[in-house]
Amino acid sequence: MFDLDHTLIRTPLDLAAMAADMQRLLERERGPLPARPERYRVFELVLWSKSQAPELERAVWAIALEHERRAMDAAALEPGALDAVGGARRAGFRTALWTNNARAVTLPALERLGLAALLDLVVTRDDMKALKPDPDGWRVISQHFEERPGGQTASPRSAARHGDTRDAVVVGDSWVDGVAAAQVGVPFVAYGAREADLTRHGVTPVAWLSDLARLPEWLAAHFGAFQGSPRRSNRLGSHCHDGHGRT
Ligand SMILES: [Mg+2]
């Protein structure tokens, strides 16, 4: 499962600016939110409007969509993204996108950048009940693959692996991805993540990637080869990273 922004693609999406616009709208209508040292995050403001100001929720989402649309128009592939997703597939994995972005802005960007054809499933915020770090997207993803155990790219072995959270991996750049993964017991591979942020939120990646293109190699080493080799074979075990060493 891949995060999108700053994992598979680079966008000028500024989540802090998006949150600031949302907060401005909410405070204009409802008065100041409680002051605190850390800025309010997008998902918190969305949750707040949902529970405290449902009549403003549409306007809050409109702010998100406008920021995303502008950013997505300028999106470029993260180096190694096509190798990572395509290579994961060739290694026998099925691939899913798990993004807090809206479907309407995500799908055109995936097509334009050549990612759409490499993804078996695209889960956007339109498909889930709550944004990451809430793990609801995993519910959608695991259900999808359980309903289609013989999916188009599934090898017999991967068909037997679905639904087992230990056989899935979340790849992302943010603590939000790591927390979502941890809540459902799925290992997290950090790419381009800020270590201090992960630590602060109690996220311990199973691996750090500095080069996305090396993901397939890491998957093969971590899970063992799919053909005729036991899962997590000791032969490949030395390539596993415990989160302390960066690849
Ligand atoms: Mg991201």
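I began at helix α3 and looked up what covers its buried residues: the cover includes α1 (15-30), α2 (42-52) and α5 (103-113). My terms: helices (H or I, at least four residues) and strands (E, at least two) are DSSP runs numbered from the N terminus. A residue is buried if 20 or more other C-beta atoms lie within 10 Å of its own, exposed if 12 or fewer, and partly exposed in between, with C-beta atoms placed from the backbone.

I noted that this is a predicted model, in which local features need pLDDT of at least 70 and side-chain atom pairs count only at pLDDT 80 or more, while totals for chains, interfaces and linings use all residues. Residues are numbered from 1 along each chain as its sequence is written.

**Entry: the whole protein**

I found eleven helices and seven strands. Of the 247 residues, 39% count as buried. I also looked at contacts (C-beta atoms, placed from the backbone, within 7 Å). Among contacts with a separation of 6 or more, 58% join residues 24 or more positions apart.

**Entry: helix α3**

I checked its length: α3 spans residues 57-73, which makes 17 residues, and reaches 24 Å from its first C-alpha to its last, close to the 24 Å expected at 1.5 Å a residue. The expected span is 1.5 Å times one less than the number of residues.

Which residues of α3 are buried? I listed Val60, Ile63, Ala64, His67, Glu68, Ala71 and Met72. They sit on the same side of α3, because they cover an arc of only 155° around the axis (the arc is that of the directions from the helix axis to the C-beta atoms). On the face turned away from that buried side, I found the exposed residues Arg58 and Ala62.

**Entry: helix α1**

Leu15, Met18, Ala19, Met22, Gln23 and Leu26 are the buried residues of α1. Their arc around the axis is only 130°, so they share the same side of α1. Turned away from it is a face with the exposed residues Ala16, Ala17, Arg24, Glu27 and Arg28. I saw that α2 and α3 are among what covers the buried residues of α1. Just after α1, Gly31 has a positive phi of about 85°.

**Entry: the sheet**

I then followed three strands that form an open sheet in the order β5-β6-β7, with parallel pairing (two strands pair if DSSP finds at least two bridges between them). At the edges are β5 (170-172) and β7 (207-209), each pairing on one side only.

How many bridges join β5 to β6? I counted three, and β6 covers residues 188-191. Gly172 stands opposite Ala190, and Val171 opposite Val189. From β5 the chain crosses through helix α8 (residues 175-183) to β6, in a right-handed β-α-β crossover. Right-handed means that, with the strands pointing away from the viewer, the path from the first strand over the helix to the second runs clockwise.

Note on methods:
Contact = placed C-beta atoms within 7 Å.
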